[in-house]
Amino acid sequence: VFNPTHLYSCSFEWLTNQKIVLVEGGAKWLLDASGGGQHVKLSDNSRDGINLAPDRRSFAFTTTSASVAYADTIYLNISDADGNVKVVHERTADGDCCCPRFGNIVWSPDSRNLAFTERIGDCTEGCYCNEESMPRLVVIDMATGIASSFSAPEVPGLIKWVSDGISIISSDYVNIYMTNSETGQSIALASGVYTPWFEEQL
């Protein structure tokens with residue numbers, strides 16, 4: 001039995017037939033559904049939800065250096081089914097840059113790679129300014145931990161990986177692109193396409 005304290009902001013996903021990942025406000029929990037009661041709290045300063053790997057052996061989630069809206073460091077974490085968490089990527093604000101954010105986290109079909117967009121504010125008057133750098137595409141090899149980062153202004157919104165495990169479909173909400181995760185090169189697939197409709201066709 002587990003009694004959450006923030007029922008209004010809870011969501012959960014089954015990781016295995018005996019493990020549940022619970023998102024409770026800014027906290028992440030790995031719950032033991034076998035009845036053993038071995039629940040593990042993974043984080044307090046967490047943002048957004050979780051991203052399960054297709055093989056359901058691990059999941060990704062982000063945390064920040066402080067439980068505030070504009071923390072100066074963000075981390076991308078991977079947890080296995082036993083609650084062992086490791087940081088695979090981080091970004092810290094520096095100089096005139098602030099408000100680092102990771103988004104659009106998507107796993108490759110074989111769970112060997114993780115792709116996401118990285119943005120950081122270009123601010124001189126604090127984190128409330130609306131100017132941002134163009135997003136970068138970051139791809140992490142889960143086996144080696146090596147992260148490849150590409151300047152990719154065409155891919156603010158990743159949708160999903162193609163079955164080849166190399167290409168990623170993305171959208172800027174008007175145009176659809178296919179990006180090579182090994183080189184960062186993008187080609188336009190379609191323009192003037194309603195993104196939700198395109199997602200349904202994939």
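Reader: Is threonine 16 buried, exposed or partly exposed, and what is its relative accessibility?

Author: Buried means under 20% relative accessible area, exposed over 50%, and partly exposed in between (1.4 Å probe, protein chains only). Threonine 16 counts as partly exposed because its relative accessibility is 29%. This is a predicted model, where local features need pLDDT of at least 70 and side-chain atom pairs count only at pLDDT 80 or more, while totals for chains, interfaces and linings use all residues. Residues are numbered from 1 along each chain as its sequence is written, and side-chain values use heavy atoms, with hydrogens and water left out.

Reader: Which residues is threonine 16 in contact with, leaving aside its neighbours within four places in sequence?

Author: Contact means heavy atoms within 4.5 Å. By that rule threonine 16 touches Arg56 and Ala81. The C-alpha atoms of threonine 16 and arginine 56 are separated by 6.8 Å, although the two are 40 residues apart along the chain.

Reader: How many salt bridges does the structure hold?

Author: Side chains of opposite charge can pair when their charged atoms come close. A salt bridge is a side-chain nitrogen of Lys or Arg within 4 Å of a carboxyl oxygen of Asp or Glu. The structure holds 4. One of them joins arginine 91 and glutamate 118 at 3.0 Å, N to O. Arginine 91 is in strand E8 (residues 85–92) and glutamate 118 in strand E10 (residues 113–122), so the pair ties together parts 27 residues apart in sequence. Strands (E, at least two residues) are DSSP runs, numbered from the N terminus.

Reader: Is glutamate 118 buried or exposed?

Author: Glutamate 118 counts as buried, at 6% relative accessibility, whereas arginine 91 is partly exposed at 23%.

How values were computed: Helix = DSSP H or I, 4+ residues; strand = E, 2+ residues; numbered from the N terminus.
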